[in-house]
Amino acid sequence: MATTTQTTSAHHGDHGHAAHGPELQHHFETPAQQKEAATLGMWAFLVTEVMLFGGIFLAYAVYRWAFPDVWAEAAHHLNTPLGTVNTVVLLVSSLTVALAVNAAEHGRRTRLLQLLGVTLVLGVAFLGIKAFEYSEKFAHCAGYKTPIAWATGGELLGEQECLVPGRAFAFPAEHGAATEEHASTNKTPHQLFYLLYFIATGLHAVHMLIGLTIVSILTFLAWRGFFTPTYFTPVEIGGLYWHLIDVVWVFLFPLFYLVH
Amino acid sequence: MATTALPGRGYLEDDTPTVWSWVKAWLLTVDHKRIAILYLLSINFFFLLGGLAATVVRIELVTPQGDLLSSDLYNRAFTLHGIIMVFFFLIPVIPAVLGNFLVPLMIGARDLAFPRLNLLSWYLYMAGGIFALSAAVFGGVDTGWTFYTPFSSTYANSNVILTIAGAFIMGFSSIATGLNFIVTIHTMRAPGMTWFRLPLFIWASYATSLIIVLATPVVGITLLLLAIERLWGVGIFDPALGGDPVLFQHLFWFYSHPAVYIMILPGFGVISELIATFSRRRIFGYEFIAFSSMAIALLGFLVWGHHMFVSSQSVYAGLVFSFITMLVAIPSAIKVFNWTATLYKGSISYRTPMLYALGFIGLFVIGGLTGIFLGVVAIDIHVTDTYFVVAHFHYVMVGGTIMAYLGGLHFWWPKMTGRMYNEVWGGISALVIFVGFNMTFFPQFVLGYLGMPRRYHVYPQEFQVLHVLSSSGATVLAIGFIVPIIYLMFSLWKGKPAGNNPWEATGLEWQVSSPPPTHNFTRIPVVTSEAYAFPPEAAERDAASWRPGSPL
Ligand code: HEM
Ligand SMILES: [Cu+2]
């Protein structure tokens, strides 16, 4: 192959790193190239995430197709008000992340820090509400009405209900237009709905934890003044990840909470 | 020819004062070439382990009775063989060893886009491997490499979870490699290295990476669901609890059919390089070969149902899958025809890598054609779960992927190590492998057609002749695999220094020193011509330097 040996960038001839900031890694030629690589890498990673959740969505589609009535019944027992609040919380956090990227781009450090901080608070709030929803389900299994009642030994739940998949699973009978004798067992497809619910939202929560870790690191770096208007790629691609988590939730919420 | 390699330090050289710092320099390296060497050692180690399990299987099958292993142990032996070979050898081998080494060099880059991610992928590979091996140590697994439910989720009493964890972790290692390749090929090509000047190995690696990134997460979530079901008895796939075991098969094959292309596509890439170099010709139909890789990547996602013709899949779905399966054969055939057309009137030299390449073409044709037999629903219903299928996939996986890997390893060995291996031994072992391979697996087509089911260790007397033939072929094959280990190691000490370009090949990797300097290119090259632009005199020079008995 005919190849000429020209220097394509001045700085690699002498390996002095004067022409660019310290964040340019040695194997990249220009900051633009490095940024393109990082962004493309994050997009490709998001594709893998979509495929990962895709498997769960496929299972959901198959079983909803097979048991449409069960799905409609089962969804009534999720806490839709809390789910709605959580959706709003997460959507607002997407906004704050987008604004944070903008702040980084304009080199406004204080604003960047504030916005990242708000994002952290919203993310933790989401997980808190989610944890409350989960513990509600576990409290019902233990026979109590609310998690607080469970902890303090308070009010008991009147009917038998346990929506946590497992041997104790019991879907309350009076809502089951289905047969009475199947009402309190894990052998009915009701359990599939809740299993998918716990797996999907659980996996989403794991992603929230990773997202929170990333945002915390970004906050720390921003506090140390690491980002400049010419270099804020981590904020950008961290933001992309955060948006993906939100988008996944935007699909999970109607699919589980709003089915009829 | 202008050389881009100024005397930089070779990537293998060290000035580490103590053993400990030398170990650290290797285990914490972010140099893609060193990571390729780490992969080379560990993947070949797993290959030998998988080979050991295969040996046990073949010895058991020498007699019709189950006299060496109980049926339970036999299940564990072939499962171990399948899992190690598929997940820990065939899927990573060419991308992680040759790809890691070559992708940056071939496109004129200093490293992959994410060097630390690259190192992480090796650690994930090792972690996955340790899980899978510990499963074997604690008693093994008996589900087969396909983990079909509800056996794997409810009834198997072996180490399913540990094994699944191994495959799951290993999946992330693949994803890391695939993602790295995609980004590197998109963003780090040298000036002038346009898409249609890329070596075909790069096109193949790119197509492979797309499959890895799209398919691997699906098997990840599938294995996770299986693990959840097994651990807590809450069945997604358990019919007793309203679940559907066939859903598992759909999800599994949605990954695992594309996975067979993860194994073979990089092999296609290697063969394109070898055929062009050793016929001294521009590859015939470059664009067709490049796009056929992409077509295979795409169509490969639409045929998974051909593994489920007898799994209660609807007849109509079966027919559609059958039809699309036929379509996949087209891009595969395009490649074979283009390689043969490249050979036509080429100045062919039968060096060891070329022997592997020619062997590959023949064996892949047999493997691919029998794949088409299997894609025909009526024939498949007769031979599914027989040795016919076993023979088919060994023709494509051993005859295809392993031949390509060995061909590529010999071809780039001088580049990786700076030394030439012994050409005579190389040629001999390539022939031994070819003969041993056919002796092992051709009888299995006949066995399967006559009705010998796969995964059985006791069989009717009348099959013994063919089984003995197959087992003796396996012995020859094993010798063929062991000999290269010896002479390749020997070459590290005694091999002739290779020089930058021992094969007079085109391609940027041949313009740097052997072994390449740590940063590959002191100055990033500017590419001004297409790949495989062999000067017209190249063939004449070959002819002039020919001596009786010389391998050229
Ligand atoms: C022309 C291309 C190919 C076609 C049409 C094809 C077709 C098929 C079909 C229909 C089956 C299912 C047989 C059955 O279970 O009854 C099958 C099995 C298999 N094929 Fe292929 N194949 C092709 C290429 C490949 C390649 C390139 C590989 C790997 C490198 C491969 C690996 C396998 C494996 C591993 C199985 C068996 C899986 C199992 O049940 O354990 N095939 N093939
Ligand atoms: Cu297939």
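**Figure 1. Chain A in the predicted model, by contact range and fold.** Among chain A contacts between residues at least 6 apart in sequence, 69% link residues at least 24 apart. The model shown here and in the other views is predicted. Chain A is built from eight helices and one strand. Read from the N terminus, its elements follow the order β-α-α-α-α-α-α-α-α. Chain A has 260 residues, and 50% of them count as buried.

**Figure 2. The interface of chain B and chain A.** The size of an interface is often given as the accessible area lost when the parts come together. Here, chain B and chain A bury about 4100 Å² between them. Carbon and sulfur atoms account for 70% of that area. Chain B brings 53 residues to the contact, and chain A brings 44 residues.

Figure 3. One salt bridge is found across the interface of chain B and chain A. Its partners are the side chains of A:Glu29 and B:Arg110, with an N to O distance of 2.7 Å. On the side of chain B that touches chain A, at least two residues each come from helix H4 (115–137), helix H6 (160–187), helix H7 (200–232), helix H8 (245–279) and strand E1 (526–527) of chain B. H7(B) gives the most, with eight residues. Sorted by class, this side of chain B holds 33 nonpolar, 14 polar and six charged residues.

**Figure 4. The iron atom of ligand 1.** Which residue is the single protein donor to this iron atom? B:His392 is, through NE2, 2.1 Å away. B:His392 sits in helix H13 of chain B, which spans residues 387–417. The copper ion (ligand 2) lies 4.4 Å from the iron atom of ligand 1.

**Figure 5. The copper ion (ligand 2) and its histidine donors.** Three residues coordinate the copper ion: B:His257 through ND1, B:His306 through NE2 and B:His307 through NE2. The distances are 1.9 to 2.0 Å. In sequence, the donor residues follow the spacing H-x48-H-H. Is B:His257 buried or exposed? B:His257 has a relative accessible area of 5%, so it counts as buried. B:His307 is partly exposed, at 28% relative accessibility.

**Figure 6. B:Ser322 and its contacts.** B:Ser322 is placed in helix H10 of chain B. Its relative accessible area is 11%, under the 20% cut-off, so B:Ser322 is buried. Which residues does B:Ser322 touch, leaving aside neighbours within four places in sequence? They are B:Phe309, B:Gly375, B:Val376 and B:Val377.

**Figure 7. Two cis peptide bonds in chain B.** Most residues other than glycine have a negative phi, and most peptide bonds are trans. B:Thr149 and B:Pro150 are joined by a cis peptide bond, with omega about -5°. B:Pro150 is in the loop between H4 and helix H5 (151–155) of chain B. Another cis peptide bond joins B:Ser514 to B:Pro515, with omega about -10°. The loop between helix H15 (464–494) and E1 of chain B holds B:Pro515.

**Figure 8. Two non-glycine residues with positive phi.** B:Arg280 is not a glycine, yet its phi is positive, about 55°. B:Arg280 is in the loop between H8 and H9 of chain B. With a relative accessible area of 11%, B:Arg280 is buried. B:Lys345, also a residue other than glycine, has a positive phi near 60°. B:Lys345 occupies the loop between H10 and helix H11 (352–375) of chain B. Buried or exposed: which describes B:Lys345? B:Lys345 is exposed, because its relative accessible area of 70% is over the 50% cut-off.

Terms used: Residues numbered from 1 in each chain as written. Chains lettered and ligands numbered in written order. Predicted model: local features only at pLDDT ≥ 70, side-chain atom pairs only at ≥ 80, totals over all residues. Heavy atoms only, no water. Contact = heavy atoms within 4.5 Å. Buried area = accessible area lost by both parts, 1.4 Å probe. Salt bridge = Lys/Arg side-chain N within 4 Å of Asp/Glu carboxyl O. Helix = DSSP H or I, 4+ residues; strand = E, 2+ residues; numbered from the N terminus. Nonpolar A, V, L, I, M, F, W, Y, C, P; charged D, E, K, R; others polar. Donors = N, O, S within 2.8 Å, 3.2 Å for Na, K, Ca; no water. Buried < 20%, exposed > 50% of the residue type's maximum accessible area, 1.4 Å probe, protein only.
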